[in-house]
Amino acid sequence: MLKKLSKQLNGEDWTWNNLNTLCWAIGSISGSMMEDQENRFLVTVIRDLLNLCEVTKGKDNKAVIASNIMYVVGQYPRFLRAHWKFLKTVVNKLFEFMHETHPGVQDMACDTFLKIVQKCKRKFVVVQVGHMIQAESDPQKRDEYLQRLMELPNQKWAEIIGQARQSVDYLKDQDVIRTVLNIMQTNTSVALSLGTFFLPQISLIFLDMLNVYRMYSELISSSIAEGGPFASKTSYVKLLRSVKRETLKLIETFVDKAEDQPHIGKQFVQPMMDPILGDYARNVPDARESEVLSLFATIINKYRGVMMEDVPRIFEAVFACTLEMITKNFEDYPEHRLKFFSLLHAIATYCFRALFALSSQQLKLVMDSIIWAFRHTERNIAETGLYLLLEMLKNFQISEFCNQFHQSYFLTVEQEIFAVLTDTFHKPGFKHHVHILQHLFCLVDSGALTQPLWDINALGLTAYPSNTAFVREYTIKLLGTSFPNMTVTEVTQFVDGLFESRNDLSSFKNHIRDFLVQSKEFSAQDNKDLYAEEAAAQRERERQRMLSIPGLIAPSELQDEMLDT
């Protein structure tokens, strides 16, 4: 199809009939590809059709091409639902075409708009009506409007719950499951636009929603237990999981968007503990939803220290079982990986003191998981691990457990950071490696550590005059092993330079980078990632310069920027 379209573009096969036939065929295969593949295909088609419209002369020809563009776009609602900015652009263009007097264009614009509204109705109707209700200043009227908006979904929900109370098997019917999914999606769309004012609605359905969640989770677990891992790929299990995920998404959306009264959703946390957290812990790995991790990360980021007393329960439910899933290799459960470390980062940032309640074995699990994260070759996971590590180090430095923590983990952290810094596979994390090493070298020379970092049982209390002297010798030995081609003098000069430049981040970073670039391991490689921070700063300076000169940046780019912010 793309080859035939290119022939239209170069004029080889250009006729109205050929283009109409081709575009009809393109529209007819909507939904037959994987979503990513379909997205790439559709972007290529639209781009080529727009180019064809630009190079083709004659108003009649342009009208035919425009009508075909409208037809193709209207046939791909999945793409439109996933790309809100593009959907808005298409709708605005359709409104323009509706005023076009050329025969057929106006009709096609109206037909396409009607088709899009029908297939993307939640985007057009529910979300926008939610915004209208949110704008109502009278609380009584606002609640009344919300009740009327949700009247039909709530009636259907009450009917389903009523039937389920008579026979729980009613909830197992696939048509019923689809209806439940649709009701959850509608609620999520309204919660997205209403925020805090969605409270009456979520309060109405919350407990029954958790019961349905629990039951569907048990069905999924039993299906996977009986049918093995392949059971998770069946359409029935996928449908059940869609309901679970949408339920989690609904709760997360409400918590995230309830901005006017930030603690309003805290009342829902305790009832969720067993149906959601307990369910996650009890489930087989293939039935655990990664959205549970992102939900509780959102809750902790939102309610911060208020969640302190709940952290041990969260930790107990998700930590060990998730770690077991994601540390077997670097490929399985990719969604759980990033969300797990996002949750851990939220805990370390806002509920750090809850970590003091962990046993030494549990804290070692935390540190091992962080080290595993920044060893990861997936950039997002590695960066999350590095952010998390620096947050932990800073928090422990100002805590009463400073000596105890660093006696256990200072040397391990230094060794592991130097390992990823010098292995050539983790260059994108260079900036973060530098920040962590600077923190360590500043810490050891700051006087904050009042106990020896070396093993006093093996070496004695007076083996070194200070922690600085010990860390200097340890680092020289460590790097001497990592860079056997370098002399002891070269390594010693480098380590001395780290201590001398530790208080100036720029000098510290340049000193490390120069050392790496001169080493045999890095000298034959492309080291642009080591200069990424400077390159980004240069691009930003150039952009600011262009912004200061009117006309250098297109208004459309400025408009996109405004929309993003």
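Helices here are DSSP runs of at least four residues, numbered from the N terminus; by that convention, Ala-346 belongs to helix H17. The model is predicted. The structure contains one cavity of 30 Å³ or more, and its largest nonpolar core comprises 136 residues.

**Cavity**

- The volume of the largest cavity is about 40 Å³.
- Its lining is formed by Phe-315, Val-318, Phe-319, Phe-340, Leu-343, Leu-344 and Ile-347.
- Two helices, H16 (311-326) and H17 (334-350), each contribute at least two residues to that lining.
- Helix H17 provides the largest share of the lining, namely four residues.

**Ala-346 in helix H17**

- Ala-346 is located in H17, the helix that supplies four residues to the lining of the largest cavity.
- Ala-346 has a relative accessible area of 1%; because buried means under 20%, Ala-346 is classed as buried.
- With neighbours within four places in sequence set aside, the contacts of Ala-346 are Ala-297, Ile-300, Asn-301 and Cys-351.
- Between Ala-346 and Arg-47 there are 299 residues of sequence separation and a C-alpha to C-alpha distance of 42 Å.

**Nonpolar cores**

- Within the largest nonpolar core, of 136 residues, the members that touch the most other members are Ile-276, Met-392 and Ile-512.
- Helix H12 (residues 199-227) accounts for the largest share of this core, with 13 residues.
- Ile-276 touches Leu-210, Tyr-213 and Leu-248, as well as Ile-251, Val-292, Leu-295 and Phe-296, when residues up to four places away in sequence are not counted.

**Thr-253 in helix H13**

- Thr-253 is part of helix H13, which spans residues 235-257.
- The relative accessible area of Thr-253 is 12%; since the limit for buried is under 20%, Thr-253 also counts as buried.
- Beyond neighbours within four places in sequence, Thr-253 is in contact with Thr-188, Ala-191 and Leu-192.

Technical notes: Residues numbered from 1 in each chain as written. Predicted model: local features only at pLDDT ≥ 70, side-chain atom pairs only at ≥ 80, totals over all residues. Heavy atoms only, no water. Buried < 20%, exposed > 50% of the residue type's maximum accessible area, 1.4 Å probe, protein only. Contact = heavy atoms within 4.5 Å. 1 Å grid on protein atoms, 1.4 Å probe; cavity = no way out; pocket = protein on both sides within 12 Å on 5 of 7 lines; lining within 4 Å. Points joined across faces, edges and corners; volume = space filled by probe spheres on them. Core = buried A, V, L, I, M, F, W, Y, C linked by side-chain atoms within 4.5 Å.
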